Amino acid sequence: MTPRPVWRRCLFGKGMVMQHRNVVIIGAGPVGLMTGIQLARRDIRVTILEKSLEPATIPRAIVADEETLRAFEEMGFPLTEGDHYLPGLPVRFVNGKRKTIARVDHVENICGHPGVNSIYQPDIEAQLRKAYATFGGELIVGAEVTQIEEGPEGVMAHYKQDGEAKQLACRFLVGCDGGQSQTRDHIGATLRGTTYQQRWLVVDLETDPVGTQEVTFFCDPARPAVSLPVPGGKRRFEFLMLSSDTDEGMLCPQAIQALAQDHGAKTESIAERATIYTFHARVADTWRRGNIFLAGDAAHLMPPFAGQGMNGGLRDAANLGWKLAAVIKGKAPESLLDTYQCERAPHITRMTNLAVFMGRIIMPLSRIGAGLRDAMLGLVHLLPPVRNLFEKGMMKPKPRISGRRGIEGTLLPAGGGTALSGEQYHFDALLGSGYGQLNPHDNSSVKVASETTGDHIIRCAADDPVLKLVLQHGTITVRPDKFISHVGSREADRRVPNPFAKAF
């Protein structure tokens with residue numbers, strides 16, 4: 001267990017004893033909860049301050065990708081198909097005549113899960129809260145943060161709860177407080193990028209009046225729209241608002257029903273939520289100042305067309321969580337935290353660019369522009385290598401740490417096999433929450449040396465991707481977030497900077 005320091009004086013020298021945590025997180029949305037889980041599972045004393053008294057009851061994020069499903073499984077709380085998510089949805093693009101102009105049948109990936117999965121966010125947050133509590137994390141609800149104050153020994157979060165002013169001191173603070181982030185304002189970060197002039201009506205229906213198990217982008221110049229199924233027999237629609245539309249007119253039930261029927265609804269359904277959004281493509285210029293960090297929408301905002309808003313934030317949590325834990329436990333220097341933004345920002349920028357590109361496919365409002373788009377996609381369909389970029393989802397940026405060569409900096413593929421005991425294991429579970437090494441044991445087995453779970457020998461199928469990697473490259477060192485740190489023998493490893501070197 002990590003030592004729990006007792007502060008005998010205030011951050012700012014006032015000589016008073018107060019509560020202290022290693023990390024305070026502002027915001028108990030999916031990103032805040034996942035960041036908390038990444039810390040709590042590593043025995044870090046963490047508290048999340050959440051303004052709302054109750055968990056969210058309305059969905060915002062609607063898509064989980066393969067990395068998100070893998071993350072839930074790796075921490076021991078796998079999502080249940082059907083209840084928590086609808087797996088492997090194909091994506092279809094149709095023009096104004098409802099003719100298919102492009103489709104994504106499946107997203108090829110290395111994570112062992114489908115690439116496009118529909119979720120119901122309240123259920124996902126409930127699963128995250130359960131995991132966070134299981135790992136011993138503290139959640140304070142009804143806590144409205146009023147001020148963030150920095151001192152020589154850390155950060156002070158001032159908040160109100162039940163009208164009473166309270167303070168919580170911490171070494172590090174992570175702002176997961178959304179697009180209107182108070183934390184971002186405090187550190188003086190600026191969002192760079194663009195805000196769409198167009199507004200969208202987002203409607204969540206209590207029942208699914210369409211019944212298809214696919215995501216449909218209506219690339220109709222008369223009114224672009226999106227339709228996708230949601231777990232629990234629900235349906236989401238998103239409609240571009242035209243210059244002639246009014247908020248009152250678009251939000252009325254009759255208008256919503258008419259729009260839904262124009263886009264495949266066979267029966268009427270009650271809207272549990274209807275709201276109007278403006279989409280952004282913006283990334284903060286800095287994600288850290290001193291001991292304060294940004295994650296999720298506080299650090300970056302993107303259009304929803306690639307379904308990567310929440311998923312990008314969960315990647316932030318996976319990257320930042322283990323690094324904070326390593327520094328707090330004294331296993332790594334604070335300079336490790338400097339790698340957070342430089343590792344995450346390039347990937348989030350590529351994802352944002354993909355979302356913007358998809359928006360350009362969906363949103364031409366002139367018939368000439370839509371016709372040119374259809375012609376271009378028709379030509380693409382005739383070229384198999386280019387067509388695969390669409391149909392197999394190969395346009396999606398691969399998870400990778402910029403500036404690394406070969407397989408270094410890439411995500412370890414999902415794999416697994418049979419232990420000597422006869423039990424089946426995933427390599428993610430055996431590697432655990434710390435650093436690990438993979439070595440070839442023989443031509444069909446991998447030796448796993450884990451900082452947290454010990455040594456294991458796993459016999460694999462011949463086509464297991466992890467077995468193939470170790471047979472080809474020899475020793476592979478894996479970071480706690482399952483990215484490949486470096487490749488080489490144990491002797492070579494000692495010459496590579498490694499914050500967990502003493503574990504080996």
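This is a short tour of the structure, stop by stop, with something to select at each one. Keep in mind that the model is predicted.

**Stop 1: the largest nonpolar core**

Select Val23, Leu49, Leu173 and Val174. The largest nonpolar core has 73 residues, and these four touch the most other members.

Next, zoom in on Leu173. Which residues is Leu173 in contact with, leaving aside its neighbours within four places in sequence? Among them are Val24, Ile26 and Ile148. Val155, Ala157 and Thr183 are also in contact with Leu173.

**Stop 2: another core**

Select Leu86, Val91, Tyr120 and Ala306. They are among the 35 residues of another core, which lies apart from the largest one. Stay on Tyr120 and show Lys234. Lys234 lies over the face of the Tyr120 ring, at 5.1 Å from the ring centre.

**Stop 3: strand β12 and its partners**

Select strand β12, residues 191–205, and strand β16, residues 271–284. These two strands pair in the antiparallel sense. How many bridges do β12 and β16 pair over? They pair over 12 bridges.

In β15, Leu205 stands opposite Arg235.

**Stop 4: aromatic rings**

The structure holds 11 aromatic pairs. Select Phe237 and Phe239. Their rings form a stacked pair, 5.4 Å centre to centre, with 15 degrees between the planes. Are these two residues buried or exposed? Phe237 is buried, with a relative accessible area of 1%. Phe239 is buried as well, at 0% relative accessibility.

Then select Phe172, Trp287, Phe293 and Tyr340. Ring pairs link these four into a cluster.

**Stop 5: helix α12**

Select helix α12, residues 465–473. Which residues of α12 are buried? Val466, Leu467, Leu469 and Val470 are. Look down the helix axis. The four cover an arc of only 160 degrees around the axis, so they sit on the same side of α12.

Finally, show what covers these buried residues. The cover includes helix α11 (427–431) and strands β22 (436–442) and β23 (445–450). Strands β25 (476–478) and β26 (484–487) also belong to the cover.

Definitions and conventions. Residues are numbered from 1 along each chain as its sequence is written. This is a predicted model: local features need pLDDT of at least 70, side-chain atom pairs count only at pLDDT 80 or more; totals for chains, interfaces and linings use all residues. Side-chain values use heavy atoms; hydrogens and water are left out. A nonpolar core is a set of buried Ala, Val, Leu, Ile, Met, Phe, Trp, Tyr and Cys residues joined through side-chain atoms within 4.5 Å. Buried means under 20% relative accessible area, exposed over 50%, partly exposed in between (1.4 Å probe, protein chains only). Contact means heavy atoms within 4.5 Å. Two strands pair if DSSP finds at least two bridges between them. Rings of Phe, Tyr and Trp (its six-membered ring) pair if their centres lie within 6.5 Å; planes under 30 degrees apart count as stacked, over 60 as edge-to-face and the rest as tilted. A charge sits over a ring if NZ of Lys or CZ of Arg is within 6 Å of the ring centre and within 35 degrees of the ring normal. The arc is that of the directions from the helix axis to the C-beta atoms.
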